[in-house]
Amino acid sequence: MEPKLVLAVCLLISAAVSVADYVRPQPRRTLQFPWDSKPSSYPQQVHISLAGDNHMRVTWITNDKSSPSIVEYGTSPGRYTSTTEGESTHYKYLFYSSGMIHHTVIGPLEHATVYFYRCGGQGPEFQLKTPPAQFPITFAVAGDLGQTGWTKSTLDHIDRCKYDVHLLPGDLSYADYMQHRWDTFGELVQPLASARPWMVTEGNHEKETIPFIMDGFESYNARWKMPFEESGSSSNLYYSFEVAGTHIIMLGSYADYDEDSDQYRWLKDDLSKVDRERTPWLIVLVHVPWYNSNEAHQGEGDGMMAAMESLLYAASVDIVLAGHVHAYERTKRVNNGKLDPCGAVHITIGDGGNKEGLAHRYKSPQPNWSVFREASFGHGELKIVNSTHAFWSWHRNDDDEPVKSDQVWVTSLVNSGCLAEKRHELRNILMAP
Ligand SMILES: [Fe+2]
């Protein structure tokens, strides 16, 4: 045999062996958190979120119910040139009584600037970096996180990437009625969530409804307040925000979405305000995927998709990010079940690492709109380079290392002709009663 041929055969065999050798990871145990006796006024579970133009909401919890909701901050360590006082809340859940949950909006802040801050007038100093005013901007994306060994691995990998904002398409703590698990989740994510804004939408694990006793989303709404008021929404379960040339809509899979609903009306109103000159990229997050070829949660997004996909299509949404299915899948541009160059790219990224493990079984054959699908834990990175080009990559948690396993350049619809083509369609839908 020719030496070149021998080499080629050897390479083929070694590639086949390495693929065959890849063993899908098992779920990892829920992390145990040691008892930590801090002073009752000590700020815990600190996280930040974008709150309107040039503002950031700082959220933290104290056991002391009389602790002040003040944030001191400045651009040099230990030198706080501004102080803002916010609000606080708490909730009861059966026999559990939460600590005092403080929400304080600070700003106006400079773009792409490191601020040092302290919560409640005591405790450690934290630092945050505000997002840039312009492209490029990088988003880290991971849904269905939970708090297992795999969650830790995913968070470590995200921590190693240079990103500006974390996007989380639902299912945060997997507390599942055990309210103290919301507290341990808050502690687990604090190192990342106190440094970069975490923008979240709700999943089914946030519901925690007990019929006739507890309304849904009690804990989630109290702890993870998002800028819904700032975006004209009447519910923390759906809202929008703008950052560095992107308009991002967080939809609520577990809020009413039909044509008579508040969410539908709010979405129409929000889309009518999108200015693609100012924000060339239009991105949507929702928990339950609309395009999903995994056997898990098959068809669960159909109702919402039937109600809302035409709105998103008319507005030329670029990318839809979803969670819920514990695996990764990316589609081509698609609309109404068919390939469509003016439709959105749908990405399911519910593989953050929760206790329920992976969703291994896929429908066969693979639909023509599905480009890449794999049941592994991991996270995504979306780097929006300029008004027309973005680079998406998915990083599998392979033996505790982040391995770039899928990547693609996405071109926005802003210069595609789709926008002009659909302008009438959008106006008709938005103007409809
Ligand atoms: Fe879910």
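Trainee: What makes the radius of gyration agree with a compact globule?
Mentor: This is a predicted model, and for 433 residues a compact globule would come out near 22 Å; the protein has 22 Å, so the two agree.

Trainee: Why is tyrosine 220 called buried?
Mentor: The cut-off is 20 or more other C-beta atoms within 10 Å. Tyrosine 220 has 25, so it counts as buried. It's found in helix H4, residues 218-223.

Trainee: Which residues is tyrosine 220 in contact with, leaving aside neighbours within four places in sequence?
Mentor: Glu202 and Glu206. Contact takes C-beta atoms within 7 Å.

Trainee: What makes strand S18 largely enclosed?
Mentor: Of the 8 residues in S18 (residues 328-335), 6 are buried, so the rest of the structure largely encloses the strand.

Trainee: How do you know that S18 pairs with strand S20 and strand S21?
Mentor: Pairing needs at least two bridges. S18 has 5 bridges to S20 (residues 344-349), antiparallel, and 4 to S21 (residues 370-374), also antiparallel. Take glutamate 329: it stands opposite threonine 348 in S20, and its bridge partner in S21 is arginine 373.

Trainee: And what makes S18 and strand S19 a pair?
Mentor: They have 2 bridges, in the antiparallel sense, and the cut-off is at least two, so they qualify. Valine 334 stands opposite leucine 339 in S19. In the hairpin, 2 residues lie between the strands, and asparagine 336 takes a positive phi near 50 degrees.

Definitions and conventions:
Residues numbered from 1 in each chain as written. Predicted model: local features only at pLDDT ≥ 70, side-chain atom pairs only at ≥ 80, totals over all residues. Rg over C-alpha atoms; globule rule 2.2 N^0.38 Å. Buried ≥ 20, exposed ≤ 12 C-beta atoms within 10 Å, placed from the backbone. Contact = placed C-beta atoms within 7 Å.
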